[in-house]
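Please look over the sequence and the structure before reading on.

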Amino acid sequence: MTISYSLKVSEARLGGFPKLLLRWKASIYKLLYKEMAIFVSLYSALSGVYRFALTEEQKRTFEKITLYCHQYSDLIPVSFVLGFYVSIIYTRWWNQYMNLPWPDRVSALIGCAVHGRDERGRLIRRTMVRYLNLSSVLILRSVSTVVYKRFPTMNHVVDAGFMSVAELKEYENVDSHHSKFWVPLNWFCNLATVARQEGRIRDDFTFQALIEEENKMRHCLGMLYSYDWISVPLVYTQVVTVAVYTFFLSCLMGRQYLDPSQGYESHEVDLYIPAFTILQMFFYMGWLKVAEQLINPFGQDDDDFEGNWCIDRNLQISYLAVDDMYLCHPPLEKDIYWN
Amino acid sequence: MTISYSLKVSEARLGGFPKLLLRWKASIYKLLYKEMAIFVSLYSALSGVYRFALTEEQKRTFEKITLYCHQYSDLIPVSFVLGFYVSIIYTRWWNQYMNLPWPDRVSALIGCAVHGRDERGRLIRRTMVRYLNLSSVLILRSVSTVVYKRFPTMNHVVDAGFMSVAELKEYENVDSHHSKFWVPLNWFCNLATVARQEGRIRDDFTFQALIEEENKMRHCLGMLYSYDWISVPLVYTQVVTVAVYTFFLSCLMGRQYLDPSQGYESHEVDLYIPAFTILQMFFYMGWLKVAEQLINPFGQDDDDFEGNWCIDRNLQISYLAVDDMYLCHPPLEKDIYWN
Amino acid sequence: MTISYSLKVSEARLGGFPKLLLRWKASIYKLLYKEMAIFVSLYSALSGVYRFALTEEQKRTFEKITLYCHQYSDLIPVSFVLGFYVSIIYTRWWNQYMNLPWPDRVSALIGCAVHGRDERGRLIRRTMVRYLNLSSVLILRSVSTVVYKRFPTMNHVVDAGFMSVAELKEYENVDSHHSKFWVPLNWFCNLATVARQEGRIRDDFTFQALIEEENKMRHCLGMLYSYDWISVPLVYTQVVTVAVYTFFLSCLMGRQYLDPSQGYESHEVDLYIPAFTILQMFFYMGWLKVAEQLINPFGQDDDDFEGNWCIDRNLQISYLAVDDMYLCHPPLEKDIYWN
Amino acid sequence: MTISYSLKVSEARLGGFPKLLLRWKASIYKLLYKEMAIFVSLYSALSGVYRFALTEEQKRTFEKITLYCHQYSDLIPVSFVLGFYVSIIYTRWWNQYMNLPWPDRVSALIGCAVHGRDERGRLIRRTMVRYLNLSSVLILRSVSTVVYKRFPTMNHVVDAGFMSVAELKEYENVDSHHSKFWVPLNWFCNLATVARQEGRIRDDFTFQALIEEENKMRHCLGMLYSYDWISVPLVYTQVVTVAVYTFFLSCLMGRQYLDPSQGYESHEVDLYIPAFTILQMFFYMGWLKVAEQLINPFGQDDDDFEGNWCIDRNLQISYLAVDDMYLCHPPLEKDIYWN
Amino acid sequence: MTISYSLKVSEARLGGFPKLLLRWKASIYKLLYKEMAIFVSLYSALSGVYRFALTEEQKRTFEKITLYCHQYSDLIPVSFVLGFYVSIIYTRWWNQYMNLPWPDRVSALIGCAVHGRDERGRLIRRTMVRYLNLSSVLILRSVSTVVYKRFPTMNHVVDAGFMSVAELKEYENVDSHHSKFWVPLNWFCNLATVARQEGRIRDDFTFQALIEEENKMRHCLGMLYSYDWISVPLVYTQVVTVAVYTFFLSCLMGRQYLDPSQGYESHEVDLYIPAFTILQMFFYMGWLKVAEQLINPFGQDDDDFEGNWCIDRNLQISYLAVDDMYLCHPPLEKDIYWN
């Protein structure tokens with residue numbers, strides 16, 4: 001579930017953002033502690049070898065390699081490529097959120113435009129929103145690992161009440177090896193046509209409005225599918241990864257403690273713990289982890305979108321809107337500013 | 001309330017922007033003075049220790065640590081990550097403003113499309129806009145701390161005249177544990193359907209236009225909810241905070257005065273007050289404060305959006321539009337350019 | 001008035017852009033000459049003091065301060081923060097242009113959809129576009145200093161023919177202390193309803209199209225109001241100003257000529273005129289002036305939008321469209337490619 | 001075909017992105033191995049010449065040139081221009097994807113709005129979607145090299161069933177030397193008019209909705225044509241290429257091993273393999289290859305969009321929607337939450 | 001004409017982009033050779049003076065000035081400001097392309113919605129599209145130098161068949177000193193009203209759709225006018241030009257060969273040709289030329305949009321669509337996948 005911390009930073013004051021550093025869930029620590037452990041272990045091992053295991057001559061070679069690595073650790077503009085790359089990933093991430101399907105609009109419209117208090121009326125309204133929810137489930141199954149875990153087969157979709165057995169049969173009869181998420185949307189259109197012919201939808205205008213709302217949902221679902229299908233080009237991701245891990249490697253050697261008595265520049269102090277190097281790794285690796293977390297927002301990260309929550313919420317809301325609340329509103333009363 | 005200073009800078013002239021440095025409200029000084037006080041205190045304390053408390057040998061160690069910190073204070077590209085991060089936060093902030101609900105359009109439409117000068121006509125028109133305003137209040141309560149303070153319970157919403165007791169009861173009867181801000185919007189649709197059936201809305205076309213306007217408002221409210229729910233990923237905020245505070249720490253030691261007689265490069269002058277370091281802190285910390293202030297625009301900062309003002313303005317304007325101004329316009333007169 | 005120079009650079013050729021450096025109006029020179037004069041004066045004064053007034057020992061201190069300032073003048077990434085800040089300001093500036101109200105579309109529609117060659121027909125059409133122009137005037141008065149100068153009171157608006165006395169009275173009767181720019185827009189809607197009821201607007205569809213066009217204008221006017229009301233957060237502007245003026249100050253001392261005989265690095269030549277420093281000031285200050293000029297595009301800069309010109313043009317065009325050109329078009333003739 | 005790796009990075013965890021470095025298809029290695037081979041060969045050759053072939057004096061000259069090149073390799077801000085350039089290319093690339101034509105919406109609409117179960121009804125519906133698919137094929141032929149290979153002549157289009165012989169004849173009769181992709185779209189409009197006149201399309205409203213959907217497709221196809229026609233200005237691409245290859249050349253000499261005994265700074269170690277230089281080349285060249293791969297997304301790269309797949313999918317889906325699924329939906333059943 | 005090179009880079013492979021360096025048309029060489037010639041001449045002249053004309057003492061001064069210039073050539077962040085500036089210009093350039101008027105949509109609509117095979121029907125349809133094309137010509141004349149050359153007076157517009165003599169007269173009778181490009185668009189609306197009244201346009205809905213399409217075109221034309229009228233603020237362009245030419249000047253002196261025997265750092269080699277400096281000039285000047293070429297896309301650069309081509313194409317296509325192809329489509333045939 002996405003981690004909401006807006007409330008904690010509703011005011012800019014002393015310690016506003018620093019306070020956020022104390023959280024664990026979805027935090028940089030949780031994402032990075034393994035990498036940092038590896039880095040510190042390797043760094044310590046190398047340092048130990050240098051201090052205790054090497055001969056004087058080997059030490060001189062070690063020092064040269066360290067200086068060489070140190071010098072090259074600044075050559076790759078990690079921050080630059082990370083800045084541009086994370087911007088792209090962030091934009092994609094937010095656009096994916098923007099395309100999550102919400103049936104609120106279309107449900108409200110069905111609830112006030114597909115008429116009939118009789119059973120068939122209810123049936124048509126409920127079936128229409130069910131078709132829309134079914135399409136959402138079909139798409140979310142294909143893009144989200146957690147939704148797929150919940151509905152590993154189409155039978156699970158049937159069992160959860162999104163589809164009847166007859167519908168599954170008809171769905172499977174549609175002869176296409178491409179994604180068939182659009183099939184229930186077309187059923188929706190056809191059912192709306194029937195409702196129009198029966199006079200339950202009273203005018204052509206409302207009919208078109210329903211089709212238009214359905215098309216908006218179709219667009220969102222198509223976009224989710226596209227974002228899953230068309231990743232950021234692999235080369236870009238690889239370039240960024242190469243940059244950060246090259247930096248990682250060059251720091252491992254290049255930031256080693258060197259015997260101050262050798263008088264190497266910038267190696268006057270032996271701090272045992274390379275505090276600033278660790279903070280720097282935190283910074284660059286953390287920035288890369290931002291990208292790693294956002295690149296697939298339908299996975300299992302702490303901050304990923306919860307497909308299953310959406311599915312349940314949408315089904316509940318849409319049934320409420322078209323059935324329980326059908327054409328009902330509270331009694332009209334004069335408000336307190338009436339005169 | 002947001003601080004408007006457009007008028008002060010309507011012309012680019014000598015001292016245009018510098019003049020703005022003299023303001024206190026919503027200023028960098030107000031946001032930063034505590035942080036700066038802490039920085040200056042710690043800096044002075046360390047400087048005092050170095051100058052008066054340490055032995056010569058301890059001074060040499062102190063100097064080494066200072067040089068080490070000085071050298072590393074440039075390693076983290078604070079400005080880079082701040083630039084990208086603040087861009088994201090700024091865009092979110094403006095988009096949130098763009099999604100504030102304004103009922104002007106829909107009120108104007110109701111005022112000229114839902115007919116009837118009788119009491120029931122007035123009642124329907126006033127109730128329709130009240131439903132919309134009620135939805136706004138429900139969302140703003142959930143995202144804005146100041147609006148929540150004004151309406152801590154639903155009863156306060158009723159007392160303020162946004163909801164009748166019967167409506168509250170029906171609202172609470174809607175069986176969903178998700179946000180129910182959409183319920184009054186669906187009442188709006190249903191009431192519009194009734195008005196259409198009674199012939200008060202005279203054609204299907206206008207009916208659809210009303211639903212469309214209501215849907216635009218629903219979209220805005222949904223977006224406000226989304227911005228509150230989906231924060232900028234915590235990791236990104238943490239990465240930026242780590243970068244700035246690491247810089248803060250490294251400056252604390254790294255920019256210390258060192259005994260010029262030791263001949264360290266760039267430490268030839270003893271200025272007592274590290275003026276440029278303080279300005280630099282001002283700059284980086286201030287940039288971070290921009291983000292801190294904008295990340296939740298519904299809080300209590302000087303520059304935050306005023307939810308309560310919006311709520312009051314909207315209620316007044318919408319009642320005026322649908323009731324007092326219903327179908328009235330000044331008498332038609334020939335304008336002065338008639339011939 | 002905005003300065004148009006597109007024609008001068010219609011072709012990329014030798015001296016294309018440099019040619020633009022020779023202009024004065026809206027130029028960097030006009031905006032900066034005062035700041036540059038101050039800088040050069042202070043710089044020369046300091047230089048004079050150093051060369052002629054100081055003792056040798058004071059000179060050594062002066063030199064140390066110079067070196068210290070020189071070193072710190074690079075610490076603040078002025079170009080970085082300016083780049084991001086000016087991008088934001090530029091986007092706001094262009095969006096404000098995009099929201100200037102143009103009544104062309106709605107006038108054309110009124111001209112072909114509100115029928116009647118009789119006097120009442122003319123009256124309705126002219127009044128409808130006058131309402132729209134009146135709304136524009138009301139908003140532009142509140143955001144633009146030059147428009148406000150032209151219409152310091154509502155009586156000036158009446159005198160200029162945008163409003164009748166009766167309208168002003170009714171306008172003032174609307175009981176709201178918020179901006180009332182929307183009142184004439186609601187009159188427009190009500191008048192359109194009357195025209196529909198009289199059959200002058202012949203179908204519901206066209207009626208809605210008129211309301212929709214009016215709403216587009218309402219949106220533009222609301223946006224202009226918003227841009228005036230919600231400035232770029234003051235902190236951001238202050239941060240940028242601090243950065244540039246800190247740089248200004250550090251250059252004042254840090255770029256001083258130092259006695260070459262003291263052998264300070266980078267101070268081998270005595271050029272009397274610090275040409276590159278001046279160019280650098282030109283560059284950074286000029287970039288900041290870009291922001292200063294664009295932050296309020298309704299002021300009195302050479303490059304600001306001309307509200308008064310827009311108001312006059314819109315009134316003329318809209319009367320032409322709905323009245324002189326009502327339902328007229330040249331006689332139909334076969335074109336020269338007829339067969 | 002685009003390479004999808006979303007699933008592999010659904011969770012941010014240890015080795016998330018590094019794992020992606022092991023792929024070959026669409027990878028940086030596949031794109032770069034030739035360039036790297038050339039670089040390493042030339043580098044080794046130069047190194048061999050220096051070590052074994054030159055006299056002492058020639059070695060001194062070689063060293064000077066190396067130092068000169070080394071110094072200048074940092075002068076061109078390659079990362080900066082690459083960052084901005086790749087942003088532009090990436091945006092173009094995604095916008096091109098966004099404009100791929102999908103007939104889903106219009107097919108669903110045809111399937112529920114163009115009536116008649118008789119043969120002529122089927123014929124009209126199938127022909128309408130075929131016209132749309134034909135337009136797509138005509139555009140994709142002109143922008144995509146792989147689609148052009150599949151349909152080298154218009155006869156291939158006829159053979160593949162997108163066009164009848166009579167249609168080809170009429171198409172060729174349209175007397176224009178400009179792209180004629182819009183001809184089938186106009187046939188679509190004309191056929192829709194016929195269907196309206198026959199009463200198969202039952203109302204004006206639906207007729208307009210069909211035209212609107214057709215226009216959306218027309219817009220997408222026009223955009224694809226535009227992106228192909230209007231490249232990123234050649235100068236920009238050349239500037240970036242000059243920057244990267246200049247860097248390439250300066251590294252070739254500037255990063256050469258130099259005899260450590262000469263005591264040149266940063267040349268203390270002889271590593272034989274210039275590991276960091278190679279990683280740096282990987283980084284810059286790889287970033288450029290991102291642009292090279294995305295600049296024409298309809299080519300034959302591993303990551304390019306598959307025009308042929310789209311064409312086949314669209315034809316199948318659209319026939320299914322308008323014919324097999326015409327007005328059919330599964331029998332209505334009560335869902336499991338009925339009460 | 002814009003230079004299309006998409007096909008050449010359809011595949012990312014060895015030498016993909018470098019191949020583009022060999023082109024002349026619209027290339028960096030064509031744009032820059034004059035500037036480069038000036039630079040090289042001045043550079044050589046200065047070098048000649050230094051080598052052969054100066055006394056030893058003068059040489060020392062020359063060397064000091066060179067070192068001073070060299071040092072300051074890095075002070076102005078040319079790449080930074082160029083990056084941001086070119087982004088703005090590029091976005092403007094593409095938006096201008098997006099607003100080129102294409103009458104395809106509205107022609108198709110006229111062709112299937114304005115009925116009558118009689119002469120008057122043809123006349124109305126042809127006149128309607130001619131009005132639209134006339135508006136385009138009027139705008140393109142005012143923004144494009146090449147179109148203006150083709151139509152230096154309104155009589156040329158008449159001669160080319162876009163306007164009849166009677167229309168020109170009526171056009172000139174419209175009493176406004178502002179741009180009158182909108183006049184034919186209003187004629188279009190009025191003519192459509194006539195066609196609706198005659199029943200040639202059969203329903204209100206289609207009538208509105210025509211007006212809407214006309215309004216889209218009006219918007220595009222208005223935007224083209226705006227882009228021409230509102231340039232990027234002159235100050236911004238001047239700032240960028242100052243930055244690049246300052247760099248140019250500082251390189252001229254700062255990158256001079258200095259006698260290696262004087263032992264100045266980085267001046268150990270005498271290469272006669274300052275290859276890297278020239279490449280660097282190529283890079284920065286080329287980047288600026290990108291902006292110079294894109295800032296006015298309606299000029300006479302190799303890469304500018306061809307207004308005249310558009311005008312001709314649009315006229316041809318629109319006559320074809322409304323006249324030759326009026327309500328015609330090929331005979332309906334069963335497609336090859338019929339069963």
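Which residues lie nearest the centre of the second largest pocket? In this predicted model, they are Thr91(A), Thr91(B), Thr91(C), Thr91(D) and Thr91(E). The points below take up that pocket and then the interface of chain B with chain A.

**Second largest pocket**

- The space in the second largest pocket comes to about 2,200 Å³.
- Its lining is made up of 50 residues, which divide by class into 30 nonpolar, 15 polar and 5 charged.
- Helix α4 (78–98) of chain A, chain B, chain C, chain D and chain E supplies at least two lining residues in each case.

**Extent of the interface between chain B and chain A**

- On chain B, 94 residues are in contact with 93 residues of chain A.
- Between them the two chains bury about 8,500 Å², and carbon and sulfur atoms account for 67% of that area.

**Polar and charged pairs across the interface**

- Chain B and chain A are joined by 3 salt bridges.
- One of these pairs Lys334(A) with Glu119(B), with 3.0 Å between the closest N and O atoms.
- There are also 15 residue pairs in polar contact between chain B and chain A, counting pairs with both residues at pLDDT 80 or more.

**The chain B side**

- Helix α11 (residues 204–229) of chain B gives the most to the side that touches chain A, contributing 14 residues.
- By class, the residues on this side of chain B are 47 nonpolar, 26 polar and 21 charged.

Methods: Residues numbered from 1 in each chain as written. Chains lettered and ligands numbered in written order. Predicted model: local features only at pLDDT ≥ 70, side-chain atom pairs only at ≥ 80, totals over all residues. Heavy atoms only, no water. Contact = heavy atoms within 4.5 Å. Buried area = accessible area lost by both parts, 1.4 Å probe. Salt bridge = Lys/Arg side-chain N within 4 Å of Asp/Glu carboxyl O. Polar contact = N/O pair within 3.5 Å; in protein donor to acceptor, adjacent residues only side chain to side chain. Helix = DSSP H or I, 4+ residues; strand = E, 2+ residues; numbered from the N terminus. Nonpolar A, V, L, I, M, F, W, Y, C, P; charged D, E, K, R; others polar. 1 Å grid on protein atoms, 1.4 Å probe; cavity = no way out; pocket = protein on both sides within 12 Å on 5 of 7 lines; lining within 4 Å. Points joined across faces, edges and corners; volume = space filled by probe spheres on them.
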